[in-house]
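Subject: Structure handover

Hello,

The structure I promised is below.

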Amino acid sequence: MATHECAYCNADVAEAPVPPASDDAGWSALASTHAEDCEWIATRAHRIVEAAKRYIAVAGQDAGSCEALRWAWASIRPYVLATGDDEDDVRARAEQAAGHDDIHVEAC
Ligand SMILES: [Zn+2]
């Protein structure tokens, strides 16, 4: 099987498809072949961080406003769906990664 060096942790890993951000089992299996603190694994190939950045960027300073959050989520939803991920799961992970505990769209 072909291998390559991870650009983040330098581990020699087998070439494999990147699982969706919501695939816990898939990422758990991949993690076993990378260093414990590998950034690529921690961010799930930056998919979580990307979703969080987009979400927070569009919500801007108005994160307390339900209207702003609904609009923000609507604007990044196509991106989340395009990655094949479960949207509720990605939204929860994005909010967690962004450190914005105040963001709760469901409560709006
Ligand atoms: Zn790695």
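Predicted model: local features only at pLDDT ≥ 70, side-chain atom pairs only at ≥ 80, totals over all residues.

Residues are numbered from 1 along each chain as its sequence is written.

Core. The largest nonpolar core consists of five residues, namely Ala21, Trp73, Ile76, Val80 and Val90. Helix H4, residues 66-82, is the biggest contributor to this core, with three residues. By nonpolar core I mean a set of buried Ala, Val, Leu, Ile, Met, Phe, Trp, Tyr and Cys residues joined through C-beta atoms within 7 Å. Buried means that 20 or more other C-beta atoms lie within 10 Å of the residue's own; 12 or fewer is exposed, anything in between is partly exposed, and C-beta atoms are placed from the backbone. Helices (H or I, at least four residues) and strands (E, at least two) are DSSP runs, numbered from the N terminus.

Positive phi. Asn10 is not a glycine, yet its phi is positive, at about 65°. Asn10 sits in the loop that runs between strand E1 (3-5) and strand E2 (12-14). It is exposed, because 11 other C-beta atoms lie within 10 Å. Arg44, also not a glycine, has a positive phi of about 50°. Its position is in the loop between helix H2 (39-42) and helix H3 (47-59). Buried or exposed, where does Arg44 fall? Arg44 counts as buried, because it has 26 C-beta neighbours inside 10 Å.

Ala45. The loop between H2 and H3 also holds Ala45. With 18 C-beta neighbours inside 10 Å, Ala45 is classed as partly exposed. Setting aside residues up to four places away in sequence, Ala45 touches Val18 and Trp40; a contact here requires C-beta atoms, placed from the backbone, within 7 Å. The C-alpha atoms of Ala45 and Pro19 are 9.1 Å apart, with a separation of 26 residues along the chain.

Thr3. Strand E1 contains Thr3. Thr3 is exposed, having 11 other C-beta atoms within 10 Å. Which residues does Thr3 contact, leaving aside neighbours within four places in sequence? They are Asp12, Val13, Ala14 and Glu15. From Thr3 to Ala16 the C-alpha distance is 8.9 Å, and the two are 13 residues apart in sequence.

Regards

Note on methods. Contact = placed C-beta atoms within 7 Å.
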